[in-house]
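Student: I would like to learn how to read single residues and whole-chain values from a model. Where do we start?

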Amino acid sequence: MMPRIVSLALLCAALAGCQARAAAPEPVAASGVPAAERAQTAGFDAWRASFRARARAAGIAEATLARTLDGLRYRPRVIELDRSQPEFVRPLWAYLDSAVSAPRIRNGRARLAEHRAAARTAARRYGVPAEILVAIWGIESSYGGYLGDFSTLEALATLAYEGRRRDFARDELIAALRIIEAGDIAPARMVGSWAGAMGHTQFLPSSYLAYAVDGDGDGRRDIWGSIPDVLASTAHYLDAAGWREGEAWGVEVVLPADFDYGLTDPAIRRPSAEWAAAGIRSRQGRPLPALAAAAVIAPAGARGPAFLVGHNFRVIRRYNNATSYALAVASLSDVLAGRPAIEGAWPREEPSLKRAQVSEMQRRLNALGHDVGAPDGILGPNTRRGLRAFQRWLGLVPDGFATLGLLERLRHQTP
């Protein structure tokens with residue numbers, strides 16, 4: 001099938017009375033390559049030469065540079081993805097619906113059974129439960145179903161040349177060259193996401209150098225093809241991040257009717273015994289897990305589930321610093337271990353906020369004196385604290401949950 005592309009000139013000729021004129025075409029060289037593309041290629045080639053000198057100074061051998069940098073391409077799609085932002089803020093429950101779906105649970109149980117020996121070996125070595133490791137594997141790559149199809153070298157080179165975090169990408173590219181030089185992976189097999197994350201559990205090259213281990217004893221660290229290496233490396237990462245063996249990540253809880261939702265702040269941490277004395281109980285009615293510094297979180301406010309989370313929940317966030325991610329890993333691991341999934345109902349009738357609406361909310365909170373930082377359209381802890389203060393001033397339950405209704409109230413308070 002031919003692509004459906006219609007030029008403005010042809011469209012005007014077909015429509016009676018159309019006065020528009022086609023824009024002048026971009027200058028094209030005799031080679032047929034547009035001038036802008038030629039300039040981009042020349043700029044990337046110049047950057048590559050400069051980077052080659054930097055990598056050489058960092059100790060990368062000339063033979064490695066030749067097999068990795070010669071013929072390296074600029075990837076415009078990487079920059080498109082780097083600069084794109086979703087219009088809507090995805091609700092937590094929508095994320096969990098996909099992250100902890102029935103197929104993912106079913107496939108997770110199958111993978112856990114298939115690789116039980118490797119998972120148990122990694123768990124014994126590093127003290128991280130096998131179910132946590134398999135849950136991360138499932139959420140990061142759907143158990144290896146999608147590792148990404150970007151060349152890690154080309155993705156990082158493109159980001160180092162023109163991305164938003166060029167120094168970071170440059171350092172990760174040098175780390176990637178060190179991995180290849182060590183003989184762990186061939187350049188053609190080093191593939192992953194557009195952002196440079198690699199393998200079954202999506203390690204950045206610097207994380208690979210620091211935490212990847214040989215789990216199958218073949219003398220190589222292969223997070224692309226060896227599941228024992230994948231599970232052991234992931235466990236090593238969490239162990240180095242401070243995982244406490246034998247301690248629960250937390251538990252879903254029921255809050256008392258008179259609970260002060262101003263306390264649902266990750267920075268407010270108390271022993272779980274103190275929370276129990278305040279009337280908090282687990283949803284299953286069991287004693288709260290012993291946690292020395294536990295926080296109560298209610299990510300969907302007073303109308304959604306609440307959780308008591310401890311140190312290991314924060315360790316999961318070291319892997320991906322998002323409450324939604326940590327809850328997905330925790331919930332999926334619970335189900336894989338035979339424990340209940342999240343049972344509380346989410347406020348699914350609440351419409352999604354656009355990023356522009358969140359930014360407006362942040363600007364208006366700042367105007368009222370609730371310093372939430374620079375408006376960025378991201379619902380972080382500072383924004384939630386500002387919303388709680390505003391709700392308290394209005395006499396509402398200060399749960400910090402951002403809604404269209406709250407935005408309307410803010411609009412009535414600020415110009």
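Tutor: We start with one residue. At 2% relative accessibility, S333 counts as buried, because buried means under 20% relative accessible area. Keep in mind that this is a predicted model.

Student: In which helix is S333 placed?

Tutor: S333 sits in helix α15, which runs over residues 323-336.

Student: Which residues does S333 contact, leaving aside its neighbours within four places in sequence?

Tutor: The general idea is that a contact is a pair of residues with heavy atoms within 4.5 Å. With those neighbours left aside, S333 is in contact with E131, I132, A135 and R339. A C-alpha distance is another way to read placement: S333 and V100 are 233 residues apart in sequence, and their C-alpha atoms are 9.5 Å apart in space.

Student: How is T414 read, buried or exposed?

Tutor: T414 has 8% relative accessibility and therefore counts as buried. This residue is found in the segment after α18, a helix covering 404-413.

Student: What does the side chain of T414 make a polar contact with?

Tutor: A polar contact is a pair of N or O atoms within 3.5 Å. Here the side chain of T414 makes one with the side chain of R364, at 2.7 Å. A polar atom of the T414 side chain also lies 3.0 Å from the backbone oxygen of L410. Not counting residues up to four places away in sequence, T414 touches R364, A367 and L368.

Student: What does UniProt say about residues 355-410?

Tutor: An unreviewed UniProt entry gives them the annotation "domain: Peptidoglycan binding-like". Such annotations may be inferred rather than shown by experiment. In the model, residues 355-410 are 61% helix and 0% strand, with the end C-alpha atoms 16 Å apart.

Student: Where does UniProt place the feature "domain: Transglycosylase SLT"?

Tutor: The unreviewed entry places that feature at residues 44-334. Over residues 44-334 the chain is 51% helix and 6% strand, and the end C-alpha atoms are 47 Å apart.

Student: Now a loop residue. Where does H115 lie?

Tutor: H115 lies in the loop between α6 (102-114) and α7 (116-126). Its relative accessible area is 18%, so H115 is buried. Not counting residues up to four places away in sequence, H115 touches W137, I227 and L231. The C-alpha atoms of H115 and P228 are 8.0 Å apart in space, while the two residues are 113 apart in sequence.

Student: How should I read backbone angles? What is phi of S142 near?

Tutor: Phi of S142 is near 55 degrees, a positive value in a residue other than glycine. S142 is placed in the loop between α8 (130-141) and β1 (150-151). With a relative accessible area of 34%, S142 is partly exposed.

Student: What is phi of Q202 near, and where does Q202 lie?

Tutor: Phi of Q202 is near 55 degrees, again a positive value in a residue other than glycine. Q202 lies in the loop between β2 (191-192) and α11 (205-211). Q202 is buried, because its relative accessible area of 17% is under 20%.

Student: How does A210 read?

Tutor: A210 is partly exposed, with a relative accessible area of 43%. Its place is in helix α11. A210 and Y237 are 27 residues apart in sequence, and their C-alpha atoms are 8.3 Å apart in space.

Student: Let us turn to the chain as a whole. How many helices and strands are there in the protein chain?

Tutor: The protein chain has 18 helices and six strands. Its C-alpha trace spans about 80 × 70 × 45 Å along the principal axes.

Student: How many of the residues of the protein chain count as buried?

Tutor: Of its 415 residues, 48% count as buried. The accessible surface of the protein chain comes to about 20200 Å², and 53% of that belongs to carbon and sulfur atoms.

Student: What do the contacts and charges show?

Tutor: Take the contacts in the protein chain between residues at least 6 apart in sequence: 65% of them join residues at least 24 apart. As for charges, the chain has 51 positive and 42 negative ones, and their mean positions are 2 Å apart.

Technical notes. Residues numbered from 1 in each chain as written. Heavy atoms only, no water. Helix = DSSP H or I, 4+ residues; strand = E, 2+ residues; numbered from the N terminus. Buried < 20%, exposed > 50% of the residue type's maximum accessible area, 1.4 Å probe, protein only. Areas by Shrake-Rupley, 256 points an atom, 1.4 Å probe, with all protein chains shown as cover. Lys, Arg positive; Asp, Glu negative; His and termini not counted. Charge placed at Lys NZ, Arg CZ, Asp CG, Glu CD. Polar contact = N/O pair within 3.5 Å; in protein donor to acceptor, adjacent residues only side chain to side chain.
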